[in-house]
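Biologist: Could you take a close look at one helix pair in this model and the packing around it, and describe it for me in one connected account?

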Amino acid sequence: MGGKPRDLKDILGEVNAVIAEAARVSGRAPEAVEIIGVTKTHGPDLVREALDAGITTFGESRVQEAAWKIQECGGGVDFHLIGHLQSNKVRAALALFPVFHAVDTLKLLEGVERIASEDGQRPEVLLEVNVSGEASKFGFKPDALDSVIERALEMRSLTLSGLMTMAPYTPEIEETRPVFAELRELRDRLEDKFSIGLPHLSMGMSNDYRVAVEEGATWVRLGGVLFGDRPRWKPQQEYRWEP
Ligand SMILES: *Cc1c(COP(=O)(O)O)cnc(C)c1O
């Protein structure tokens, strides 16, 4: 890349303009879409800079790494878990994140419910859906969702608030549209069938967020477009943290 790094406020202004236009295309107000600043592998300084630029919600994919940043940044900053979660880290994750974007198995959902109930927590949960069917992706198959939601509706210690997906990476971003449209259609069908609200669609990353917002995204998870290339994560930065 090289050259003078661009000011985050300028970049955010441009991204917000893209989001506002895409929201308009989908018949929604710009405020219907929130940016989640994906700060994985970056340090707490970047989180502070992003807060200063006006980003208020952050996405992390590793529990220990997030624990370190949350500690460093003090309270009052909202961090969401956007990545795959191992069952043995549920308790630690519950202590850190009010929102889980990527619950991808019934076993994990049940683990979250059980431990949230033990610990007096009530997280907001999104089910990750493997819309594209790529073998490399986590998530429920679309036709598994009905029975998972039946179970989730019996759970008293979590709130099911929507669906999440990742589109396959492609330089032709129009190719991502059917994936995002299908997640929205699934959500609409499930809301009707179960008479529930699933207000959130977590979809769209740096490469494809415009299309995702046009198709109804309420949360876009943006790393590279805001913060540039991710540094390599140095495990020694990891904060030694026990819940
Ligand atoms: C890393 C990550 C992102 C951000 O990706 P960018 O392409 O840098 O915007 C979004 N969602 C998830 C689940 C991620 O792991």
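Modeller: In this predicted model, helix H1 and helix H2 cross in a right-handed sense. H1 covers residues 8-25 and H2 covers residues 44-53, and their axes come within 9 Å of each other while crossing at roughly 60°. On the H1 side the contact is made by Leu8, Lys9 and Leu12, and on the H2 side by Glu49, Ala50, Asp52 and Ala53. Sorted by class, this contact of H1 with H2 holds four nonpolar and three charged residues, with no polar ones.

Turning to the packing, the largest nonpolar core has 70 residues, of which Phe100, Leu127 and Leu226 touch the most other members. The element that gives the most to this core is H1, with seven residues. Once its neighbours within four places in sequence are left aside, Phe100 is in contact with Leu81, Leu85, Ala93, Leu94, Val112, Pro123, Glu124, Val125 and Leu126.

Lastly, a loop residue: Lys89 lies between strand E3 (78-81) and helix H4 (90-94). Lys89 counts as partly exposed because its relative accessibility is 32%, and its C-alpha atom is separated by 21 Å from that of Val77, a residue 12 places away along the chain.

Note on methods: Residues are numbered from 1 along each chain as its sequence is written. This is a predicted model: local features need pLDDT of at least 70, side-chain atom pairs count only at pLDDT 80 or more; totals for chains, interfaces and linings use all residues. Side-chain values use heavy atoms; hydrogens and water are left out. Axes are lines fitted to C-alpha atoms, for helices over the stretch in contact, and angles run from 0 to 180 degrees between N-to-C directions. Helices (H or I, at least four residues) and strands (E, at least two) are DSSP runs, numbered from the N terminus. A crossing is left-handed if the near helix is turned anticlockwise from the far one by less than a right angle, and right-handed if clockwise. Contact means heavy atoms within 4.5 Å. Ala, Val, Leu, Ile, Met, Phe, Trp, Tyr, Cys and Pro count as nonpolar, Asp, Glu, Lys and Arg as charged, and the others, Gly among them, as polar. A nonpolar core is a set of buried Ala, Val, Leu, Ile, Met, Phe, Trp, Tyr and Cys residues joined through side-chain atoms within 4.5 Å. Buried means under 20% relative accessible area, exposed over 50%, partly exposed in between (1.4 Å probe, protein chains only).
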